[in-house]
Amino acid sequence: MTADAAPAPRHVDLHAHSTASDGTATPTGAVEAAHRAGVVALALTDHDTLAGVAEAQTAADRLGLRLVPGVELSVHQEGVEVHLLGLHIRDVAGLQGELEAIRYQRRVRAIAMVERLAAAGAPIAFEAVLAASGGGAIGRPHVARALVAAGHVKDQREAFDRYLAFGRPGYVEKARLEIADGIAMIHRAGGLAVIAHPGAEGRRERIEPLVPLGLDGLEVRHPSHTAEDVKRLDALARHFGLIVSGGSDWHGAMQGPRVLGAMRVPETWLEAQDARLAARAA
Ligand code: MN
Ligand code: MN
Ligand code: MN
């Protein structure tokens, strides 16, 4: 290598799940997989929980990899569910406390669904729903699995069609987290609010109203994005002065193309995120 040769580009992966939500690898396993994949930083972004962050941090310290404490929140924008990444969370315990309050509401909702199902002639045990959720955020798919296991329906599709869809006997409205509240929660915890995998929905008219709410960035590189999505999102981020992010949305084994590090996100994107945080603190 000559003296003026450019250093090899370093890559990061800023979207991954562990057993703290619906991934198959433990937080330690996720960090080890990221290390093996050769990325220099990993964001752990479990669904609606930061329960895996402390363990992942320990593993990252051991391996000399940077851990970005994160979360992927399910929020609503004008009635449509949107995923919102909170990256660089500083007050992990504070945000986790707020999320636990929401999780408690989901538990109450699941119990109400179980009661309605019993009244509709399809009794299931709440414990079966809990077991199906694997300790993560409880939702209708877990109730559906319990209905299948109890033999009331043949598959999850039938569970939704007969019992769980809007207007069916087991349906209970979900307490919604509005996107403005999600952004505010992430900011209170010191993080950056980034729209996850906007895909084809990532159009100017949907992004523009979020800018005055304090939206920080867009996930530009994601396995679900087409080349056209990447181009449009990159231009939108530039136009609105938002940071860009990217990651594999890794869930562990058997997730096909979602391989850690596969999005080849340059470390410079992470540096730009650090700069936005520093500018906010100043
Ligand atoms: Mn997931
Ligand atoms: Mn998502
Ligand atoms: Mn995800």
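Student: What is the relative accessible area of Asp249, and is the residue buried or exposed?

Tutor: The classes are buried (under 20% relative accessible area), exposed (over 50%) and partly exposed in between, with a 1.4 Å probe and protein chains only. This is a predicted model: local features need pLDDT of at least 70, side-chain atom pairs count only at pLDDT 80 or more, totals for chains, interfaces and linings use all residues, and side-chain values use heavy atoms, with hydrogens and water left out. Residues are numbered from 1 along each chain as its sequence is written, while chains are lettered from A and ligands numbered from 1 in the order in which they are written. Asp249 is buried, with a relative accessible area of 5%.

Student: Which residues coordinate the manganese ion (ligand 3)?

Tutor: Donors are N, O and S atoms within 2.8 Å of the metal (3.2 Å for Na, K and Ca); water is not among the atoms, so sites may look incomplete. For this ion the coordinating atoms lie at 2.1 to 2.2 Å. Along the chain the donors follow the spacing H-x1-H-x54-E-x176-D. They are His15 (NE2), His17 (NE2), Glu72 (OE) and Asp249 (OD).

Student: How many residues apart in sequence are the parts that His17 and Asp249 tie together?

Tutor: Both coordinate the manganese ion (ligand 3). His17 lies in the loop between strand S1 (11–16) and helix H1 (27–37), and Asp249 in the loop between strand S7 (243–246) and strand S8 (265–266). Helices (H or I, at least four residues) and strands (E, at least two) are DSSP runs, numbered from the N terminus. The pair therefore ties together parts whose separation in residues is 232.

Student: What is the relative accessibility of His17?

Tutor: His17 is one of the residues coordinating the manganese ion (ligand 3). It counts as buried, because its relative accessibility is 0%.

Student: Which protein residues are donors to the manganese ion (ligand 1)?

Tutor: The distances from this ion to its protein donors are 2.1 to 2.2 Å. In sequence the donor residues are spaced D-x24-H-x203-H. The protein donors are Asp22 (OD), His47 (NE2) and His251 (NE2).

Student: How far apart are the manganese ion (ligand 1) and the manganese ion (ligand 2)?

Tutor: The manganese ion (ligand 1) lies 4.7 Å from the manganese ion (ligand 3). Its separation from the manganese ion (ligand 2) is 5.9 Å.

Student: Is Asp22 buried or partly exposed, and at what relative accessibility?

Tutor: Asp22 lies in the loop between S1 and H1 and His47 in the loop between strand S2 (41–44) and helix H2 (53–63), so the pair ties together parts 25 residues apart in sequence. His47 counts as buried at 18%. Asp22, by contrast, counts as partly exposed, at 41%.

Student: What is the closest N to O distance in the salt bridge of Arg66 with Asp274?

Tutor: A salt bridge is a side-chain nitrogen of Lys or Arg within 4 Å of a carboxyl oxygen of Asp or Glu. A search of the whole structure finds 17 of them. For Arg66 and Asp274, the closest N and O atoms are separated by 2.8 Å.

Student: Which residues of the largest nonpolar core touch the most other members?

Tutor: A nonpolar core is a set of buried Ala, Val, Leu, Ile, Met, Phe, Trp, Tyr and Cys residues joined through side-chain atoms within 4.5 Å. The largest one has 62 residues, and those touching the most other members are Leu84, Leu215 and Leu218.

Student: Within what arc do the buried residues of H7 fall?

Tutor: The buried residues of H7 are Ile179, Gly182, Ile183, Met185 and Ile186. The arc is that of the directions from the helix axis to the C-beta atoms. Seen down the axis of H7, these residues line one face of the helix, because they fall within an arc of 160°.
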